[in-house]
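Open the model in your viewer and keep the sequence panel beside it. The tour below goes from one selection to the next.

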Amino acid sequence: MAIPNPNGFLLTMIENKIATLEFGHPASNSLPSDLLKRLTHELNTLSQNIEVSVIVLKSSGSGAFCAGASFDELLAVSNHEEATLFFSGFANVLNAMRNCSKIIIGRIHGKVVGGGVGIAAACDYALATTESAIKLSELAIGIGPFVIEPAVSRKIGKTAMTEMTVEADWKSASWANQKGLYAKIFATTAELDVEIKVFANKFARYNPDALFEMKKVFWEGTENWNTLLYERAEISGRLVLSPFSKNALIQLKNKQ
């Protein structure tokens, strides 16, 4: 089922109880609000689909897995309400992943920035390539990774999250693997895809009720995300309107 969009796309394919959910955007698979909304809706739909036991989340192409928030949209927001609504889009996706009744396997084939790191962290099991370096550069543009912090800290811990945030530089896929963000890393996408297929087929054979109950165990202690992530979105929405952030975004945009 293809969901067309002039600024990106979403594609879902279901076969043998495995749903492959693929998103794409011409700007390094960045995520504008419309694509975030579609992704949230599709995750909620798949959660209710009795023909699906496991979800493989991937992005298109061979470049970046996800460049995070859309710079164009961040520059376009003009008031606190608009800005908060945009960051709430990431909160909606993370909560949809958390509440989804299916195990979500992340196929991380390339570099991951900002909000994309949060999405990778919210996968129940993430497999990656050696090209899948990660970066949180939000402080450099005058905001912070507030919305995604709970998801990232849950996977790699507060200390590693602090290191990523403060240094605001690339961390290798090997570092992400050692910290627990990636379960395994592979030299090539071909090897990654073989392992994804093996794991997805394994999960597809398990009792879906057992998987659902196990997923609830995985996410114990995150019930406050229903309010916490939106409170964090409000903080990001306020900060992104500052002159510091606007100027930093314009400079980054001009370098693209």
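Predicted model: local features only at pLDDT ≥ 70, side-chain atom pairs only at ≥ 80, totals over all residues.

In H4, the buried residues are Gly115, Gly116, Val117, Gly118, Ile119, Ala120, Ala121 and Ala122. The helix is mostly covered, with eight of its eight residues buried.

To see the contact, show side chains for Phe90, Val93, Leu94 and Met97 of H3, then select Gly115, Gly118, Ile119 and Ala122 of H4. Sorted by class, this contact of H3 with H4 has six nonpolar and two polar residues, and no charged ones.

Now move to helix H7, residues 189-204. Its 16 residues, at 1.5 Å each, should span 22 Å, and the end C-alpha atoms are 22 Å apart, which agrees. Select Leu192, Glu195, Ile196, Phe199, Ala200, Phe203 and Ala204: these are the buried residues of H7. Look down the axis of H7: the buried residues fall within an arc of 165 degrees, so they line one face of the helix. Then colour Ala190, Val194 and Lys197, which are exposed on the other side of H7.

Finally, what covers the buried residues of H7? The cover includes strands S3 (18-24), S4 (54-59), S5 (103-108), S7 (125-129) and S9 (184-186), together with helix H8 (208-218).

Definitions and conventions. Residues numbered from 1 in each chain as written. Heavy atoms only, no water. Helix = DSSP H or I, 4+ residues; strand = E, 2+ residues; numbered from the N terminus. Expected span 1.5 Å × (residues − 1). Buried < 20%, exposed > 50% of the residue type's maximum accessible area, 1.4 Å probe, protein only. Arc of directions from axis to C-beta. Contact = heavy atoms within 4.5 Å. Nonpolar A, V, L, I, M, F, W, Y, C, P; charged D, E, K, R; others polar.
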